[in-house]
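Dear colleague,

Please find below the structure that I am handing over to you.

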Amino acid sequence: MLERVRPLPAELVPIAAAAGRVASEDVRARVDLPPFASSAMDGFAVRAGDLPGTLRIVGESAAGRPFQGRLEPGLAAGISTGAVLPEGADTVVPVEHVVHRANTVEISHALGPGAHIRPRGGDAEAGEVVVPAGVSFTPARLAAAAAAGVASVSCGRRPRVAVLATGSELVAPGEPLQLGQIYEANGLMLAAALEAGGAEIVTEPPAADDEEALRAALQRGLTCDVLVTSGGVSVGEHDLVRTVERELGVDEVFWRVAMKPGKPLAFGVRGDTLVFGLPGNPVSALVGCELFVKPALCALQGLADPLPRFAPGRLAAVLPQNEDRDEFVRARASGEAGVVLLEPIVGQESHMIVRSGSADALVHVPRGNGELAAGSTACWLRLGD
């Protein structure tokens, strides 16, 4: 799948609007950071050669209001955290280590040059990379770029994603249910998950299992960067999605994956448009979205490492293995003595979205003939990130 993803063109984004976006090029500092030598403590700026001793206080350097002039031998200046180090000073003595009397300060011990001082450029020098290309702008990276004087950044464009639920049985929540009908929930679920992954969502109304209606909806969806459907990709008489997509020029790359839930997942391309066919069972659609669609969105935006971020945890219960397919078990994650404990939820069938709503973890159970024992280590993926 990732071999067929081409990162979207970059666009210039104001730093205030770049949260969660992916840097398409290295972001470099426009200034030294800090841009001047400053104090790391509240205290007094002095010359190390005057210590220990009693020094006369001749002024103050506060944040945004630097000391005026040069600090001569035998003198001290009050200084606050982050304030400019006065010219001539080379040491800061914390306020709790001095005896302050009127206009003098008594310092009973020596300190070497540079003590409690933040040197100019100590965090980053002008021209240095502060955010590398291919990573997303987390709050800390946003702050790094802003502190380094960067007002706008080059980011991969957000993918436009069409989400289409299919099935003649689907009705909108709140409408009266007739026999054989169910409320449509997959579209909302997938749109929320993919929007959190950086997508701009184009939502289509549900399409009935009718070739003409389905063709019109799919044609609209294929104008986007990504088309995601749910339902209609299995082998039933009314599973028409793959057939109609083929008629519309979609080149199917694969259909069916050795995983549970979500086996009948399909993936194809038409031109630069990625096409995902997710199963209609909501848990199957959710798992397919997390493992396939969201990594594709990350790659489209230029993320250097788009694959799901599995982490180790400890199982709270036995999990049997499936001989033919990898399984992804819904679980609740909790902390215990610095270790993540994974408690599988009751109700693992692929239609049980209400049960899955209580889960915040997806546990990977590799295929095999045995079981994963309680207390053993398993890889898990956080749901909802």
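A residue is called buried here when its relative accessible area is under 20%, exposed when that area is over 50%, and partly exposed in between. Please bear in mind that the model is predicted.

Cysteines

Cysteine 298, with a relative accessible area of 22%, is partly exposed.

How many disulfides are there? A disulfide requires a pair of cysteine sulfur atoms within 2.5 Å, and by this rule the count is 0. Cysteine 224 takes part in no disulfide, the nearest cysteine sulfur being that of cysteine 289, 16 Å away. For cysteine 298, the closest cysteine sulfur also belongs to cysteine 289; the distance is 11 Å, so the two are too far apart for a bond.

Strands of a sheet pair through backbone hydrogen bonds, in either a parallel or an antiparallel manner. In this model, an open sheet is formed by 6 strands, in the order S7-S4-S6-S5-S9-S8, with mixed pairing. Its edge strands are S7 (91-94) and S8 (99-101), each of which pairs on one side only. On average, and with direction ignored, neighbouring strands of this sheet are turned by 35° against each other.

Strand S5 (residues 53-61) and strand S6 (residues 75-79) run parallel and are joined by 4 bridges. One of the pairs is formed by serine 61 and its bridge partner in S6, isoleucine 79.

Is strand S20 largely enclosed or largely open? Of the 5 residues of S20 (residues 266-270), 4 are buried, so the strand is largely enclosed by the rest of the structure.

Strand S20 has antiparallel pairings with two strands, S18 and S21. Strand S18 (residues 251-255) is joined to S20 by 4 bridges, and tryptophan 255 has alanine 266 in S20 as its bridge partner. Between S20 and strand S21 (residues 273-278) there are 5 bridges, and here glycine 268 stands opposite valine 275 in S21.

S20 and S21 form a hairpin with 2 residues between the strands, in which glycine 271 adopts a positive phi near 65°.

With kind regards

Notes:
Residues are numbered from 1 along each chain as its sequence is written. This is a predicted model: local features need pLDDT of at least 70, side-chain atom pairs count only at pLDDT 80 or more; totals for chains, interfaces and linings use all residues. Side-chain values use heavy atoms; hydrogens and water are left out. Buried means under 20% relative accessible area, exposed over 50%, partly exposed in between (1.4 Å probe, protein chains only). Two strands pair if DSSP finds at least two bridges between them. Axes are lines fitted to C-alpha atoms, for helices over the stretch in contact, and angles run from 0 to 180 degrees between N-to-C directions.
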